[in-house]
Structure formats: C-alpha cells, structure tokens
Amino acid sequence: MAKTKRGKGLWNVPSKGRGTCPICLSTRIKLLYTVTNSEGKQVTVCKKCSSVEAKVADKAVNTVNLAFRGKHRRVLNQQKQTV
Ligand SMILES: [Zn+2]
C-alpha cells in the first residue's frame, strides 16, 4: 500500500498537505484525515482529531481566514476548544 500521508507524495497536495486544523487549531499541521460531521459533511483534520465524534466535528471553524502567524495565536486560542 502506498504511503499517502508521508513523503514525496505530499508535495503535490495543495500546501503540501499542511494547514490549520479546524478543530484543535494547530497551525502548519498535516491535514490528511477526514471526519464526517452530523450533517454528513467531510472536514479535513489533523491526525490528533482524526477520531473525533461528529458532534465535535460540527464545531469545526472555518480556517480559510485564519492566519498562521504567532501574533494571531491568542485569537486562535480563544476559539480553541478542548477535544
Ligand atoms: Zn486537529
């Protein structure tokens, strides 16, 4: 089986498979796992969050406008929720 979550294969994935996890809000983490929320919508999350329940996935925030910089870390922490 090919390794789809590590190595060169990731380089072709947008932003090399990394981003901000919508659930734990970890930045620059690999987002290669999907969870389904209660509406049946797929959310791309990090490995830590790959096993969350649909209820938790419902609370996923939109990370498109979230910045990666450390100075925004406080804002991220405010939105953060315990998983
Ligand atoms: Zn996560």
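Hi everyone, and thanks for coming. Before anything else, please keep in mind that we are looking at a predicted model.

Let's begin with the overall layout. The protein chain has two helices and four strands. The chain has 83 residues, and 18% of them count as buried. As for contacts, take the pairs at least 6 apart in sequence: 35% of those join residues at least 24 apart.

Now to the strands, and to β3 and β4 in particular. Strand β3 covers residues 33–36, and four bridges join it to β4 in an antiparallel arrangement. You can follow the pairing residue by residue. Tyr 33 sits opposite Val 45 in β4, and Thr 36 sits opposite Gln 42. Together β3 and β4 make a hairpin, with five residues between the two strands. Within that turn, Gly 40 has a positive phi of about 80 degrees.

Which residues of β4 lie on its covered face, and which on the uncovered one? Strand β4 runs over residues 42–45; Val 43 and Val 45 are on the covered face, while Gln 42 and Thr 44 are on the uncovered one. In a regular strand, side chains alternate between the two faces of the sheet.

Val 43 and Val 45 both belong to the largest nonpolar core, which has 12 residues in all. Leaving out residues up to four places away in sequence, Cys 21 touches Ser 26, Ile 29, Leu 31, Val 45, Cys 46 and Cys 49.

Next, the loop between β1 and β2, where β1 is residues 18–19 and β2 is residues 29–30. Thr 20 lies in this loop. Is Thr 20 buried or exposed? Thr 20 is buried, because 21 other C-beta atoms lie within 10 Å and the cut-off for buried is 20 or more. Cys 24 is in the loop between β1 and β2 too, but Cys 24 counts as partly exposed, with 19 other C-beta atoms within 10 Å. From Cys 24 to Cys 49 is 25 residues in sequence, and 7.2 Å in space between C-alpha atoms.

Arg 28 is another residue of the loop between β1 and β2. Arg 28 is exposed, with 12 C-beta neighbours inside 10 Å. Its backbone deserves a look: phi of Arg 28 is positive, about 55 degrees, although Arg 28 is not a glycine. Most residues other than glycine have a negative phi. Ser 15, in the segment before β1, also has a positive phi, near 50 degrees. Ser 15 counts as exposed, with 9 C-beta neighbours inside 10 Å.

Let's move on to the helical part. Lys 55 lies in helix α1 and is exposed, with 9 other C-beta atoms within 10 Å. Glu 39 is 16 residues away from Lys 55 in sequence, and their C-alpha atoms are 9.8 Å apart.

Finally, Thr 63, in the loop between α1, residues 54–57, and α2, residues 73–79. What does Thr 63 touch, once residues up to four places away in sequence are set aside? The partners are Gly 19, Thr 20 and Pro 22. Thr 63 and Pro 22 are 41 residues apart along the chain, yet their C-alpha atoms are separated by 5.9 Å. Thr 63 is partly exposed, with 19 C-beta neighbours inside 10 Å. Thr 20 has a second pairing to show you here: Thr 20 and Asn 62 are 42 residues apart in sequence, with 9.6 Å between their C-alpha atoms.

Methods: Residues numbered from 1 in each chain as written. Predicted model: local features only at pLDDT ≥ 70, side-chain atom pairs only at ≥ 80, totals over all residues. Contact = placed C-beta atoms within 7 Å. Core = buried A, V, L, I, M, F, W, Y, C linked by C-beta atoms within 7 Å. Pairing = 2+ DSSP bridges.
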